[in-house]
Every structure is written in structure tokens, then in C-alpha cells.
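Here is a short briefing on one protein. Look over the sequence and the model, then read the points below.

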Amino acid sequence: RSLSRLTAEDESLRLEGEAAAGGSVAAAAELAEAEKALAAAEAEHAAVQARLSELAARRGALERALREATEREARHTAERERLQRDQAALDADGTAASLDGLRAAVATADSAMQSADAAAGVARSALAAAREEETRLRGPVAEADRKAQRLETEVRTLQKLLAPAAGGRWPAILDSIVAAKGYETALGAALGDDLDASADPAAPAHWSESGSGESDPSLPDGVESLAKQVRGPAALGRRLRQIGVVARADGAALRPKLLPGQRLVSREGDIWRWDGFTSAADAPSPAARRLAEKNRLGDLEREAQAAREASEAARDGLDQASERTKAAAQAEAKALEAIREARRNLDQARERLAQAERKAGETAARRSALTEAIGRLGQNIADAQAQAEAANQDLAGLAPAPELESALLAARAELGER
């Protein structure tokens, strides 16, 4: 019974094995079909997934490009606005007007310099002329001073010679007489030794007044009295009025007309007396020589006075010339200082202009650079705007994401079923 059971079980197992073998073929076929469908679903899923990923990547890239383009546009716009403000500030700095003013200042300073230079030239010429005039006057001043000293020395010498003798109690009346120039010899011849007498009544031999002489006879007609050519004490008046001065050639003819006490004298010293006494001119008497020396002294005193006045006038002229030279030197120094001041002003004006021109050049270069940079930024902004516009258009042209997402979900569901 056990064997039969075992045989039966073995048969049953065989039958089951044959049945199972038949089912395995069918299952294998179904499995192959299912695997094929799964592969197709997976391929579809992968394709949809890839399309969706590609779309997302493309969208992200476009959005990033759009964002970057927008940011660049904003950045470039802000930079351009800043540069435009800088450019407006440069345009408003008044550099051109400042340059015009500085150029005018340089022109004014240059004109002042030229005027100062011309004034200095005039001052130099004036100083040279003043110095030349001062030098020219020094010679005449020295000569005039020497002449005055020489004449004053002669005056002092004659004064010593003509001074009364030391210790003399009664000076001669001769010392009180002044004869007209050219009449000294006539007076000396007419009075002779009588001139040695004194005018002092206490002197042993002296002259004294003897009345007016109204009753005294007149000289012959046409004969001039010696009294008209002599200045002296009144005591000599009557004596001098009775002495006539005539030409040498007329003396002899006029002598017979003389009255008692009268005499004629020539300027050369000839004498014709009323009583017939006649004396031809000889060497001048000491009195005549002394009278001539007195006249010479008078002439010298006048010449010395004139020479001293001329010397003082020349000295005054030299002093005035020296003052003019001093003033001219001061004027030249002032003119030279004015030149230095004008030159400093001109140099400073030129330096200010040079600095302003350098600044203007820098400003122009800066303005040119700003204009160029603003132009580049404008182009960059336009490029950024174009890039943003292109990105927007590309974004608009992308496939709608919801459709791909629905397809992806369907592929996933299909894949899940498999």
C-alpha cells in the first residue's frame, strides 16, 4: 500500500511537472512581452524625462541669461548715469571762462611788464643824464671855487699891504681916499706928499676943513674938477675942487687961464700950476701906486665877491644836480623794483594759466574719456537689452512645461503598471 501510494504520488508529481512545464513556456512568453512593454515604457519615461530636463535646463539657462542681461543693463545704466553726472560737472566747472580770464590777466601783466620796462628805461636814461650833468658841473664848481679862493687870497694880501703901519698914531688921509679908476696917478701927482698928512687935527701935519669955498674961483670953462673923481674926507674938498683934469695935449694951452691956487693935472700925471710951474709926468708916485692898489683892492674885492657868489651859485647848481641824481637813482631803484614786481606778477599769471591749461587739458581728456565710456556703456546697454529681448523671445518659444510634466506622469504611471 505504501508502494502504491508512493507510485501514485510519483505519478502525481510527474503530471504536475508536465503541467508546470507547459505553464512555464506560456509564462515565459508573457514575461517577454511584459519586459518588452516595460522597456518601451522606460524608454518613453526616459525620453519624456530627458525632454523635461532639457527644457528645464534650457529655461534655466535662458532665465539666467535674461537675469544677467537685465543686471548688466541696470549696472551699465547706473554707471552711465554716474559718468553723465561727472560729465555734467565737468561741463559746469567754467574752465573755459576761467581760461579766458587768466589769458586776459596774463595779457594785462605782460602789458604792465612792458610799461614797467619802458619806465625803467626812462629812469635809467634820466639817471645817466643826471650823473653826466653832475659830473659836468663838478669841474666848473671846482674851478669857480679855486678862482674865488685865489681872488680872496689876493684880497687878503693887498689888505695886509694897504693896512696902516702898526703902531702909527695918525693914519694918512690917503687911506681914507678912493679915486676913480684911472685917476689915481692924477691925484697922486696933484697932491703928492700932502696925502701922507692925517685927517686927525691932533696930528702934527693934518688936513682940516676950511669952509665951503663958495667964493673960490671956478676952473676954466670945460675943465672937469678932480673932486668929481675922488671920494674922501671933506677937508680935501676945496683943494680938489681947484684941481682940473685935462688931456695932456691941452694942459699947456689952458694953464694961462688958471687963477691963483689952481692947477691942472693929466691922467698920466702931468702938472700945470697957476704960477707957471709945470711938471711932466714921471713914474707914478707912491701915493698914486697906493691909490691904484686900493682901486685894485676894490676891484679884487668885487671880483672875489662875484667869484664867491659864482662859486656858491655853481655849488648850489651842483647840489641841485646831486639831488636830481639822488632822486633819479631812487626813481631808477623804484622802477627796477616795479619791474621785478611786474615780472613776478607776470610769472605768477603765466603759472596760473599754465596750471589752468593743464587742468583744462586733463578735463578735456577726462571729458573725452567720459564721452567714449558713455558711448561704450550705451552700446553695452543696447547689447544687454538685445540679449534680454532674445532671452525673452527664446523663453516664450519653449514648449509648455505642464504638457511634458503630464506626459512624464503618464509615463511613470505606465511604468508603474508594468
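**Contacts and overall build**

Residues 24 or more positions apart account for 74% of the protein's contacts with a separation of 6 or more. The model is predicted.

**Whole protein**

- The protein holds seven helices and seven strands.
- Along the sequence, their pattern reads α-α-β-α-β-β-α-β-α-β-β-β-α-α.
- Of the 418 residues in the protein, 29% are buried.
- The accessible surface is about 25500 Å². Carbon and sulfur atoms contribute 53% of that surface.

**Helix α3**

- Helix α3 spans residues 184-191.
- Most of α3 is covered, with six of its eight residues buried.
- The buried residues in α3 are E184, A186, L187, G188, A190 and L191.
- G192 follows α3. The phi of G192 is positive, near 55 degrees.

**E184, a buried charge**

- E184 lies in helix α3 and is one of the buried residues there.
- Which side chain of opposite charge is nearest to E184? That side chain is R267, 6.9 Å away.
- E184 has no salt bridge, because a salt bridge needs a side-chain nitrogen of Lys or Arg within 4 Å of a carboxyl oxygen of Asp or Glu, and the nearest side chain of opposite charge is 6.9 Å away.
- Leaving aside residues up to four places away in sequence, E184 touches A179, A288, L291, A292 and N295.

**The sheet**

- Five strands make up an open sheet. Their order is β2-β4-β5-β6-β7, and the pairing is mixed.
- The edge strands are β2 (224-225) and β7 (278-279). Each of these two pairs on one side only.
- Strands in a sheet pair through backbone hydrogen bonds, in either a parallel or an antiparallel way.
- Strand β5 covers residues 263-265, and strand β6 covers residues 271-273. The two pair in the antiparallel sense over three bridges.
- V265 has I271 in β6 as its bridge partner.

**Helix against sheet**

- Helix α3 packs on the sheet. There α3 touches β4 (243-245), β5 and β6.
- The direction of α3 makes about 150 degrees with that of β5.

**To take away**

- Helix α3 is mostly covered and packs on the sheet.

Definitions and conventions. Residues are numbered from 1 along each chain as its sequence is written. This is a predicted model: local features need pLDDT of at least 70, side-chain atom pairs count only at pLDDT 80 or more; totals for chains, interfaces and linings use all residues. Side-chain values use heavy atoms; hydrogens and water are left out. Helices (H or I, at least four residues) and strands (E, at least two) are DSSP runs, numbered from the N terminus. Buried means under 20% relative accessible area, exposed over 50%, partly exposed in between (1.4 Å probe, protein chains only). Contact means heavy atoms within 4.5 Å. Accessible areas come from the Shrake-Rupley method with a 1.4 Å probe; for residues, only the protein chains shown count as cover. Lys and Arg count as positive and Asp and Glu as negative; His and the chain ends are not counted. Two strands pair if DSSP finds at least two bridges between them. Axes are lines fitted to C-alpha atoms, for helices over the stretch in contact, and angles run from 0 to 180 degrees between N-to-C directions.
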